[in-house]
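Reader: Before I plan anything around this protein, I would like to go through the labels attached to it and hear what stands behind each one. Could you show me the model and then take my questions in turn?

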Amino acid sequence: EVVVLRLGHRPGRDNRMTTHVGLTARALGADRVVIAGSASGSKETIEDITDRFGGPFDVELTDSPRAVIREWGGTTVHLTMYGLPIQDIEDDVRRDLTDGPLLIVVGAEKVPFDVYERAEYNVSVTNQPHSEVAGLAVFLDRLFEGQELAREWENATHRVVPKETGKKVDPVDET
Ligand code: SAM
């Protein structure tokens, strides 16, 4: 199981980014995202997308994101520009995932230091400052070695038909 935890959500200001963390987690192969209770609008948006384009994917709200880290019964990866390069540790993380669940932590504003200490891996996607959405996308793609790109979706009502030009969305025939 791969779960993404979004830390440090600031209501209003971070709404869109928190939604995008969830949508990116879903699209690129995670099983679940855990977001702050104050981000309930993001939960609705992500669930609407899952209803339409398929899953399985779960969205959970928490009032104590740090407790999620404390109580996690598996490996924890914290994405940070200060961490060790992803290309150096991806094999180790992949091996750990065969043994148990993986929690991927991304921040918004400054991440408290104890998160760095609790994580088994502090991982950087380059040592340059960028975004939790970009960091998460590259991390998941590396973790799954690109296989998530060809994933099948279950219980979708709609499916995009890839086209060279234009947009085509078909209703899914359940039969
Ligand atoms: N300045 C904040 C700090 O020092 O903790 C981080 C702000 S950054 C806009 C928000 C989040 O994006 C970070 O918490 C981290 O999860 C992610 N992030 C940004 N750059 C990253 C990088 N180069 N590698 C991995 N994650 C990154």
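**What stands behind the labels**

Author: Leu-79 is part of strand β4, and please keep in mind throughout that this is a predicted model.

Reader: Why is Leu-79 called buried?

Author: A residue counts as buried if 20 or more other C-beta atoms lie within 10 Å of its own; Leu-79 has 24 of them, and is therefore buried. Leaving aside neighbours within four places in sequence, Leu-79 is in contact with Ile-104, Val-105, Val-106, Val-123, Val-125, Glu-132, Gly-135, Leu-136 and Phe-139.

Reader: Which residues come nearest to the ligand, and what kinds of residue make up the shell around the ligand?

Author: Of the 17 residues around the ligand, those that come nearest are Leu-79, Met-81, Gly-107, Glu-132 and Gly-135. By class, the shell divides into 7 nonpolar, 8 polar and 2 charged residues. Strand β4 (75-85) and helix α6 (132-143) each supply at least two residues of this shell, and the largest share, 3 residues, comes from β4.

Reader: Which positions does UniProt list under "binding site", and how do you know that they gather at one spot?

Author: The UniProt entry, which is unreviewed, lists Leu-79, Gly-107, Ala-108, Glu-109, Lys-110 and Val-111 under that heading. They span 33 residues in sequence, yet no two of their C-alpha atoms are more than 12.8 Å apart, so they gather at one spot.

Reader: What makes Val-111 partly exposed?

Author: Buried begins at 20 neighbours and exposed ends at 12, with partly exposed in between; Val-111 has 19 C-beta neighbours inside 10 Å, and so counts as partly exposed. Val-111 is found in the loop between β5 (102-106) and α5 (113-118), and, leaving aside its neighbours within four places in sequence, Val-111 is in contact with Leu-7, Gly-8 and Thr-80.

Reader: Why are α1 and α6 called roughly parallel to each other?

Author: Helix α1 (residues 15-27) and α6 pack at an angle of about 10 degrees, with their axes 9 Å apart. Angles under 35 degrees count as roughly parallel, and α1 and α6 are therefore given that label. In their contact, Met-17, His-20, Val-21, Thr-24 and Ala-25 of α1 meet Glu-132, Val-133, Leu-136 and Ala-137 of α6, a set with 6 nonpolar, 2 polar and 1 charged residues.

Reader: Where is Gly-74 placed, and what decides how exposed Gly-74 is?

Author: Gly-74 sits in the loop between α3 (65-70) and β4. With 15 other C-beta atoms within 10 Å, Gly-74 falls between the limits of 12 and 20, and is therefore partly exposed. Not counting residues up to four places away in sequence, Gly-74 touches Gly-100, Pro-101, Leu-102 and Leu-103, while Gly-74 and Asp-99, 25 residues apart in sequence, are 8.4 Å apart from C-alpha to C-alpha.

Definitions and conventions:
Residues are numbered from 1 along each chain as its sequence is written. This is a predicted model: local features need pLDDT of at least 70, side-chain atom pairs count only at pLDDT 80 or more; totals for chains, interfaces and linings use all residues. A residue is near a molecule or strand if its C-beta atom, placed from the backbone, lies within 6 Å of it. Helices (H or I, at least four residues) and strands (E, at least two) are DSSP runs, numbered from the N terminus. Ala, Val, Leu, Ile, Met, Phe, Trp, Tyr, Cys and Pro count as nonpolar, Asp, Glu, Lys and Arg as charged, and the others, Gly among them, as polar. UniProt positions are given in the numbering used here, feature names are shortened, and annotations may be inferred rather than shown by experiment. Two residues are in contact if their C-beta atoms, placed from the backbone, lie within 7 Å. Axes are lines fitted to C-alpha atoms, for helices over the stretch in contact, and angles run from 0 to 180 degrees between N-to-C directions. Angles under 35 degrees count as roughly parallel, over 145 as roughly antiparallel, 65 to 115 as roughly perpendicular and the rest as oblique.
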